[in-house]
Amino acid sequence: MRFLGSQIAHNTLDPIGFRVRALIPKPGFLVINLCLIVAVCAVFIWFRWDDLSNWDLRIYAYGGIDFASYPKLYGRTFVEKPPLAFLMYLPMAFLPAVAGQAIFFAIVIASEALLLRWLLRALRFDEAACLGATAFFLATTLFKHQLDYVSLSHLTNLLILGACIAAIKGSIRGSIVSGLLIAASFYVRQNNVIFAFYPLILGRFTELRMLVVYAISMLFGFLVLFGLFCCISDASIFIYVTFVYPFKYAIIGPGAGDPPAPFVDTVRLWAILSFKPLLFFLVLWCVATLSSVRPPVNGRQMILLFAVAFIVIVLPNKPYDHYQGYLLIWIGLLGAWTVRVLARPLLNRPGWMLSLAAGCAALLVAAAVAAELTLSPKLAQTKSRLDRVLPEIRNALASRPGHPTLHVFDPAYSDHGISAPLLLILAEAKPSTPLFWSVCFADWYSFALPPAFRDQWGLLAQHPPDVVVLIDVKEGGVNVVGPSFSREVYEFLEHHDYHARKIAEDVVIAERTVATPAADIGSPVHQLRSRSDAAQ
């Protein structure tokens, strides 16, 4: 690994004998870089202000928001991730319920872009290369499916970038900080620990002493956080979710009871999806070799970084698009490489290069605006649906004495639709069971739940919610829970004497009338269900 530590110092000189311009500050490129970040974030906030976002973000955000009012992790709400996976969404508790996701996303991607620039400057890339990295990072984030919201990959990147920046310093203090950040990333998503190789690849850990300090700091951080989370959570569920659930998750299919794909097929799928950027890099590497260009991060390091991210992506054995977010740091480095290699002929023409950079940044912002304009009608439609549904839910809850509970069944996944946790937040209601999201009620998912939660319907029946909302629950409807889900939901409502009525297209609200079961075939729930089945 000696080349990892000496590469930066070696590459500060060009092979033809003059100092590389990476060390020369270029404020023009820095200004364009900062303006690009601000413009993209402003565009996103403006157009996504009414975006309802998707299940993943809303579930994790609800876990963090609920902790603010009930500071015992997993005690009142069950989220199937380690604590930091949802505690990092805690800032959303202080933002508007709907628009908060757009504001939070803008803050996160701006932080990622700035940390990426900080890392590249520490690696001795110039400002032009940093601008290229930002452009590649933002373009991938905005235009790749499911990277346009705050997924766990974005939050992981914040910690990994911080760990790499600390490692670049090559000091004992830096190695300690780096190890602690890697330990923290484990409690966002367990296989993030594989990113521990990133600081080793990019940093200066060539001495055994540094490696030992790095490893000890990771272990120390892991144990301290483990003790802390045991104290502030239901310890048995925390341990199950952190150390047992990942192995069960790996053998669960992608949804609706589908069998899991063979691991080889998953690797092949992600290899196909990652082929274009990897091929582009290999072409760049050839060009750099032929033209004697030596970027501060060499080709072997880039291949190793790609391999680490690829392993993190494929380990869960899932085809989910948002996993591509774990390649964003590498994509940023690829952008820096692209400018460093392909823009070399323009180094003696800084005016031309600056104009080209400004033009490319403007095109990226224009493309972002065009994409958001295309999406706007869909966002307006889902927001209008929410505006029709929410007053009915609030009125139903207000008519109940005490502190009424709410449960929402929403089995149809949508990137921009109404979700159970969003309605819980907007209605200011509490769930009647920790299993507040619909997938928990799938038969095929029950074996992965903690033992105390595996009788999902029995747990719900112990404390029947005062109000139940059904969104897109219908026989034959598309959902990720399973074909029998609609029948099971309506049977529950019938057995617990709910009065149901339709309040919007494919939206039903059911209010519990009495505490004793009722199985009358002529009940309002049965009649509504029969009309729904006949319409199908």
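**Entry 1: second largest pocket.** I looked up the lining of the second largest pocket in this predicted model and, sorting its residues by class, I found 17 nonpolar, two polar and no charged. The lining comprises 19 residues, and I noted Gly132, Ala135, Val339, Ala357 and Cys360 as the ones nearest the centre of this pocket. Its volume comes to about 450 Å³. I then traced the lining to the helices and found that helix 2 (27-47), helix 6 (127-143), helix 15 (328-342) and helix 16 (350-398) each supply at least two residues.

**Entry 2: largest pocket.** I turned next to the largest pocket, which holds about 640 Å³ of space; 32 residues line it, and Asp56, Tyr249, Tyr320, His322 and Tyr413 are the closest to its centre. By class I recorded 19 nonpolar, seven polar and six charged residues in this lining. At least two lining residues come from each of helix 3 (55-69), helix 7 (152-168) and helix 11 (235-249), and helix 3 provides the largest share, with four residues.

**Entry 3: cavities.** Searching the whole structure, I found five cavities of 30 Å³ or more, and the largest cavity has a volume of about 60 Å³. Among the residues lining the largest cavity I noted Asp66, Tyr70, Lys72, Arg76 and Phe86.

**Entry 4: salt bridges.** I counted 16 salt bridges. In the one between Arg48 and Glu372, the closest N and O atoms are 2.7 Å apart; Arg48 sits in the loop between helix 2 and helix 3 while Glu372 belongs to helix 16, so this pair ties together parts that are 324 residues apart in sequence.

Arg501 is partly exposed at 30% relative accessibility, whereas Glu511 is buried at 18%, the cut-off for buried being under 20%. Finally, I noted one network, in which salt bridges with shared partners join Arg48, Asp51, Asp148 and Glu372.

Note on methods: Residues numbered from 1 in each chain as written. Predicted model: local features only at pLDDT ≥ 70, side-chain atom pairs only at ≥ 80, totals over all residues. Heavy atoms only, no water. 1 Å grid on protein atoms, 1.4 Å probe; cavity = no way out; pocket = protein on both sides within 12 Å on 5 of 7 lines; lining within 4 Å. Points joined across faces, edges and corners; volume = space filled by probe spheres on them. Nonpolar A, V, L, I, M, F, W, Y, C, P; charged D, E, K, R; others polar. Salt bridge = Lys/Arg side-chain N within 4 Å of Asp/Glu carboxyl O. Buried < 20%, exposed > 50% of the residue type's maximum accessible area, 1.4 Å probe, protein only.
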